[in-house]
Amino acid sequence: MFIELSCRLETENDKKLLAKISDVIKLLIGCMSNYNFNLELCLGWYKQENSRVKAAKVLGLFIAAKKKFPEEVRSIVLQEAKTILESAVKLQNTVEEGSIPLWKEAYYSLIMLEKMLKHDHDLCFQEDFEVVWTMVFKLLLHRHEWLQTTTCRLLNYYFKKLAESTEADSLLGKPSSLFMVAASLCFQLKLKVDRNIVEGKKNNGATEEDYLTENIVFAVTGLHLMIGQTDDEYWSCLDNDEQAKFLEAFLVFDSGKVRSTYLALTSSGNMECQDDVRNVLVGSLLKKMGKLAFDVDSLQMRIVFNFYREFASNLNQEECRLYAFRILLPLYKVCQGFTGKVITDELKQLAEEVRDSIRDKSLGVQMFVQVYSEIKKSLEVRRQKRRREEKEMAVVNPERNAKRKLKLASKNKANKKRRIMRSKMDR
């Protein structure tokens, strides 16, 4: 019966039936006399390529029923999981006939490992788990939605355990590693869909949005603090591995301009202070997130604005001034109605709350007014430049100018229609 139900776990698609099958298997595990035999059987499945998904699901149920594996079994499971995750990392950018190879094996292995961590908190910083965490950080860039959600949740667990521990050595102890994670989170932010799935009572009702927001706050704040602990010599003497990791991170989210600035800064030794590096690394992340807030969907804007509030609250006035222009620019556009798109009242209210919070708690009124004035002047200069270019285009290329006007008229018509529909719905 145990073997038959285990096979059904892999083939059954009905969620309610799957939950019932899982409950029965857990009951069987709790009372079976041949426990070790069945556990060895599952380990054998986990080593075979065509039965790894089934094995990972059943091993997860063994953990749920018995809480912990014996140490020798855990060692075998971790070794096989590492192999699967490493293969998934190598193939995560490969698409074969519309599907990504090994995503199921990697996903269910991570779910199983997550259960191991929940039932044995000491595992988190053990040497056996280091490779697993390294793979989790790399799988943040995986294109499958389920793997993105799971790696994001596991990263949140790692960050929180790191904050609780005073003795643990972080695998993200170098600026390059933390910058790579932050860049990967920007990648996830771009692809995130507003599903707002609640993860359950065990996680205090946290949603996918909450995990992603918290992770970005952890990563960017940590990077800011870590740069403050380095000196000029550190940045001018980066080893090849760390340089390569920085460049890999820039490839994830940057078009090339910031990458060139960073290389010029670190190779020439012209860095005057830590703020130069903060401007390039942290500043580029803030700028990218501000762009995503307008380019994608309301979910991205909500995450970015909540991140701005939390990040600014971790800075003193001088540090906040360093990033103030990049943080306040998107907020200014939303509050003043300069976004060029329809913004909901909820998001506009959020932008105003975040703006006021930064002004009152982080930046101070005088400095806030100064930065706000700079943003206003900057946008006015851009506006005048754009109008001048449009006038020149009307003379030099009238056909292109006519197409631009038609596109603009179509956009305005669509926006007007959305506004009318929203007002009807609010009645």
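## Glycine 337, an exposed loop residue

In this predicted model, glycine 337 counts as exposed at 54% relative accessibility, where exposed means over 50% relative accessible area, buried under 20% and partly exposed in between (1.4 Å probe, protein chains only). Glycine 337 is placed in the loop between helix H16 (317-336) and helix H17 (345-363). Helices (H or I, at least four residues) and strands (E, at least two) are DSSP runs, numbered from the N terminus. The C-alpha atoms of glycine 337 and tyrosine 108 are separated by 45 Å, and the two residues stand 229 residues apart along the chain.

## Basis of the model

Residues are numbered from 1 along each chain as its sequence is written, and side-chain values use heavy atoms, with hydrogens and water left out. Because the model is predicted, local features need pLDDT of at least 70 and side-chain atom pairs count only at pLDDT 80 or more, while totals for chains, interfaces and linings use all residues.

## The chain as a whole

The secondary structure of the protein chain comes to 19 helices and 0 strands. Its C-alpha atoms fill a box of roughly 85 × 60 × 45 Å along the principal axes. Of the 427 residues of the protein chain, 47% count as buried. Among contacts (heavy atoms within 4.5 Å) between residues at least 6 apart in sequence, 70% join residues at least 24 apart.

## Lysine 82, a buried residue

Helix H5 (residues 71-90) contains lysine 82. Lysine 82 counts as buried, at 13% relative accessibility. Leaving aside residues up to four places away in sequence, lysine 82 touches Asp128, Val131 and Val132.

## Aromatic rings

A pair of aromatic rings is described by the distance of the centres and the angle of the planes. Rings of Phe, Tyr and Trp (its six-membered ring) pair if their centres lie within 6.5 Å; planes under 30 degrees apart count as stacked, over 60 as edge-to-face and the rest as tilted. By this rule the count is 19 aromatic pairs. The rings of phenylalanine 129 and tryptophan 133 have centres 6.1 Å apart and planes at 50°, so this pair is tilted. Phenylalanine 129 is buried at 1% relative accessibility, and tryptophan 133 is buried with a relative accessible area of 1%. In the pair of phenylalanine 368 and tyrosine 372, the centres lie 4.7 Å apart and the planes stand at 25°, so the pair is stacked.

Phenylalanine 368 and tyrosine 372 are 4 residues apart in helix H18 (residues 365-396), which means that about one helical turn separates them. Both residues are buried. One aromatic cluster is formed by Phe125, Phe129, Trp133, Phe137 and Tyr158.

## Charges over rings

A charge sits over a ring if NZ of Lys or CZ of Arg is within 6 Å of the ring centre and within 35 degrees of the ring normal. The charged end of lysine 54 is placed over the ring of tryptophan 45, 4.2 Å from its centre. Lysine 57 lies over the face of tyrosine 108, at 4.6 Å from the ring centre.
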